[in-house]
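Work through these exercises with the structure open beside you. Each task is followed by a solution in steps.

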Amino acid sequence: MKGTDEIRTYSFDNDGLNELKSFEYGKNWPVVYLIHNNQDLYIGETTSAEVRMSQHLSNNEKNYLEEIAIVFDHKFNKSVILDYEQRLIKYCSVDNRFQNILNKNKGQQAIHDYYNRDEYRSDFERLWNSLKSMGLADHTLHKIENENIFKFSPYNCLTGEQNEVGTDIIMDIIDTFTNDKMGVSLVNGCAGTGKTVVAISIINSLMNTLDIEEDSVGEFDDDIDKQKIAALKELKDYILKKRNGKPFKIGFVLPMPGFRRTISNVFKQCGNGLVKDMVIGPCDVVKEDYDILFVDESHRLSKRKNLTGYKSFDDTSRQLGLDPNKTNQLEWVLNCAKHVVLFYDQYQAVKSSDLTASEYQDTLNKYSVNLSHHELKTQMRCKGGAPYIEYIKAIMNCTSTAFKTIENYNFLLFDDPNKLIEEIRKKDDQYTLCKTVAGFSWDWKTKPSKKPKDDLDTYLSLVEKDEYDISFGEQHYIWNLWNEDWITREDSHYTIGCIHTTQGYDMNYVGVIFGKEIDYDPSSNSIVIDLNEYRDKKVKAGMDEDELKKLIINTYTTILARGIKGCYVYACNKNLQNYLKKFIAHANDFSLNNR
């Protein structure tokens, strides 16, 4: 036996078991444990380490492991160890110290609040540092938390609401296949409610269905968790009996190329049934025979309008026997799978090619399908929670009547855009993933024709030649050099992003510059748009002012919701700046270094 003040390790064999029997926290106390060899790791929790170790030693799937580390504390209770178990599964799966994390569906239980949770979670960093010192972890929590694979991990701890929606969707899928009918699960949720996380969690559960153990229900305490595992066992029986063990062919459709690439890389890194080829674009739905299609950001599915490439749209439509001028990508999806899961937020449609809410509903109505409705309401992204999201919607809709203080969130208005950009860059140095985003009211002169290397050479060469896109006084800036994975690129620290580079991503802090195209009319108490100052030609083409106004307001509302810790704002037009002063605290009134 060896270890620290809070972790003891034993050989994972009968000798280690006999030694564990003399440990005061080994028989009747809540603990977390990690069983491992140099490559594989299994994480669990129990109220009797002795009994659980004995059970694992008799399990042929785990008895090849070599060592067990017991995490203990006299203050532990059942809620704490459930929380720590899930956090360890998620962090270890991203840390990559071990090649294989053997936990699968067990890592997706819902986690609930409990007494002194904040205190216990603050202690988690100390525990993690102990694991690092023992060679059981490699990277810091801060580094892990800023990785895309962490944010979109299949081992994310779901909220009770997310877990319930996920379980209901699994039940929808069972109903579709056991009753041999077409089915659609429609999940409504605004920005930050965790739609992508829920989608990946369900996909991971489905891909690992055949690995569900017969006695696995007993490992769970929450009724929803038990219901989900029971449903997966039912699905497993269906696959084995009705499909002769052939698992479902699943596709994960993401309409936005940049975000699609990010999630594809996440799937590649995750393993355990998730493979990058599962992540596809709308045009790819015709290339395989899919049983189930998940569509994230389905509000970004397109119609034949203002597209970059019409040929692929037309070819895909004709391949499905559909008229390119009368169909859309949602209809493609509905034609290409027996069950479709759609994640949707009508307020995040930001391009003229995106389906309007009425077009979306008309397409669903066109098909006689078994449609189930679900909703995600709880704000998970920003620390301002749902009150912040509702507040920015009210501001953008001109329905807010009073200033509100948003707890735990830095929502500040700047008089100087250069100061805003400077402060965001300081936050980026401090936290990483802090970027400035602007409305599309400046021409994009510096966009390179080829993907630039992320070594700042392209950026510096443009600066040296005095080429730029955006100017505020004597300060000059350029648009993002590349759309895909912009927020993780080194040059994003210096460049300014647009809506197309940020949708789907989280940032610790976001700086939002309202461009010259958007203003406020005090006489009508409304947001107004000057089309002459709007530079996105593809969005602008063929649209009337009312529709364009909705898209632009959606764009800014979406950007305002991207920050986790805070959002800094500046408006180019004085009327809009003065309007925002009524509802956003002034940056000069706060010490930014302490926020």
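**Exercise 1: a helix pair**

The crossing of α8 and α10 is right-handed. (A crossing is right-handed if the near helix is turned clockwise from the far one by less than a right angle, and left-handed if anticlockwise. Helices are DSSP runs of H or I with at least four residues, strands are runs of E with at least two, and both are numbered from the N terminus.) The model is predicted: local features need pLDDT of at least 70, side-chain atom pairs count only at pLDDT 80 or more, and totals for chains, interfaces and linings use all residues. Residues are numbered from 1 along each chain as its sequence is written, and side-chain values use heavy atoms, with hydrogens and water left out.

Task: describe how α8 and α10 pack, and list the residues that meet.

Solution.
1. Start with the geometry. Two packed helices are described by the angle between their axes and the distance between the axes.
2. For α8 and α10 the angle is about 40 degrees, and the axes are 13 Å apart. (Axes are lines fitted to C-alpha atoms, for helices over the stretch in contact; angles run from 0 to 180 degrees between N-to-C directions.)
3. The two helices are therefore oblique to each other. (Under 35 degrees is roughly parallel, over 145 roughly antiparallel, 65 to 115 roughly perpendicular, and the rest oblique.)
4. Now find the residues. T196, I200 and I203 of α8 meet F259, I263 and F267 of α10. (Contact means heavy atoms within 4.5 Å.)
5. Sort them by class: five are nonpolar, one is polar and none is charged. (Ala, Val, Leu, Ile, Met, Phe, Trp, Tyr, Cys and Pro count as nonpolar; Asp, Glu, Lys and Arg as charged; the others, Gly among them, as polar.)

**Exercise 2: a second pair**

Task: find the angle and handedness at which α3 and α4 cross.

Solution.
1. The axes of α3 and α4 come within 11 Å and cross at roughly 45 degrees.
2. That makes α3 oblique to α4.
3. The α3 and α4 crossing is right-handed.
4. Residues in the contact include Y84, L88 and Y91 of α3, and Y120, F124 and W128 of α4.
5. By class, this contact has 10 nonpolar, no polar and six charged residues.

**Exercise 3: the largest pocket**

Task: locate the largest pocket and say which element gives the most to its lining.

Solution.
1. The largest pocket has a volume of about 1,800 Å³. (On a 1 Å grid over the protein atoms alone, a pocket is an open set of points with protein on both sides within 12 Å along at least five of seven lines; a cavity is a set where a 1.4 Å probe fits but cannot get out; lining residues have an atom within 4 Å of a point. Points are joined across faces, edges and corners, and a volume is the space filled by probe spheres set on them.)
2. It has 45 lining residues; K90, F150, M380, R381 and I564 are the closest to its centre.
3. α4 gives the most, with seven residues.
4. The lining divides into 13 nonpolar, 16 polar and 16 charged residues.

**Exercise 4: the largest cavity**

Task: find which residues are closest to the centre of the largest cavity.

Solution.
1. The whole structure has six cavities of 30 Å³ or more.
2. The largest cavity holds about 110 Å³ of space.
3. Of its 16 lining residues, G439, F440, I499, Y534 and T555 are the closest to the centre.
4. α19 gives the most to this lining, with four residues.
5. By class, the lining has 11 nonpolar, three polar and two charged residues.
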